[in-house]
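Welcome! Please take a moment to look over the sequence and the 3D view, and then we will walk through a few residues together.

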Amino acid sequence: MQPTISIPQHWPYPRFNLEQRTQQGIILGLYYYPLGTELAEQFDEGWRYALMPNKNSDEISYLQENQIQPLTPEELFQQITAEIDFYQQQINILNRQLTVLTRGANNG
């Protein structure tokens with residue numbers, strides 16, 4: 001079952017999705033400051049996003065929609081391809097370790 005998020009009908013739909021990759025990082029969370037609330041009066045109405053610049057970072061930035069730039073299809077392709085290559089290398093390393101382990105078990 002896929003998790004779902006319910007957004008009140010009187011709120012605009014967010015421009016970006018959870019886990020979407022952007023120029024500023026990966027979107028980890030989103031929240032909304034509705035019109036007429038103290039937060040909206042202080043910081044402007046609208047969606048805010050929590051982003052992590054990369055998977056190895058412990059930094060989180062909080063940005064408004066107009067501060068976020070989506071990746072181009074080419075940039076997204078490059079990022080995903082690089083991540084696939086990294087994990088394929090990790091799989092190859094683990095397979096070699098299993099081979100060494102299996103040979104050792106068969107010889108003992």
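Leaving aside its neighbours within four places in sequence, which residues is Thr22 in contact with? The residues are Phe16, Ile27, Leu51, Ile68, Gln69 and Leu71, where contact means heavy atoms within 4.5 Å.

Before going on, a word on the background. This is a predicted model, in which local features need pLDDT of at least 70 and side-chain atom pairs count only at pLDDT 80 or more, while totals for chains, interfaces and linings use all residues. Residues are numbered from 1 along each chain as its sequence is written, and side-chain values use heavy atoms, with hydrogens and water left out.

Thr22 lies in strand S1; strands (E, at least two residues) are DSSP runs, numbered from the N terminus. The side chain of Thr22 reaches the backbone oxygen of Gly25 at 2.7 Å. Gly29 belongs to strand S2, residues 25-33. Setting aside neighbours within four places in sequence, Gly29 is in contact with Leu18, Arg48, Tyr49 and Ala50. How far apart are the C-alpha atoms of Gly29 and Glu45? They are separated by 17 Å, and the two residues are 16 residues apart along the chain.

**Aromatic pairs**

Rings of Phe, Tyr and Trp (its six-membered ring) pair if their centres lie within 6.5 Å; planes under 30 degrees apart count as stacked, over 60 as edge-to-face and the rest as tilted. By this rule there are seven aromatic pairs. One of them joins Trp11 and Trp47: the ring centres are 5.9 Å apart and the planes stand at 80°, so this pair is edge-to-face. Trp11 sits in the segment before strand S1 (21-22) and Trp47 in strand S3 (residues 46-52), so the pair ties together parts that are 36 residues apart in sequence. Tyr31 and Tyr33 also pair, with ring centres 5.6 Å apart and planes at 50°, so their pair is tilted. Ring pairs also link Trp11, Tyr32 and Trp47 into a cluster.

**Buried or partly exposed?**

The table lists relative accessible areas, where buried means under 20%, exposed over 50% and partly exposed in between (1.4 Å probe, protein chains only).

| Residue | Relative accessible area | Class |
|---|---|---|
| Thr22 | 3% | buried |
| Trp47 | 7% | buried |
| Tyr33 | 12% | buried |
| Gly29 | 16% | buried |
| Trp11 | 25% | partly exposed |
| Tyr31 | 30% | partly exposed |

Now look at the two ring pairs again with the table beside you. In the edge-to-face pair, Trp11 is partly exposed and Trp47 is buried. In the tilted pair, Tyr31 is partly exposed and Tyr33 is buried.

Terms used. Helix = DSSP H or I, 4+ residues; strand = E, 2+ residues; numbered from the N terminus. Polar contact = N/O pair within 3.5 Å; in protein donor to acceptor, adjacent residues only side chain to side chain.
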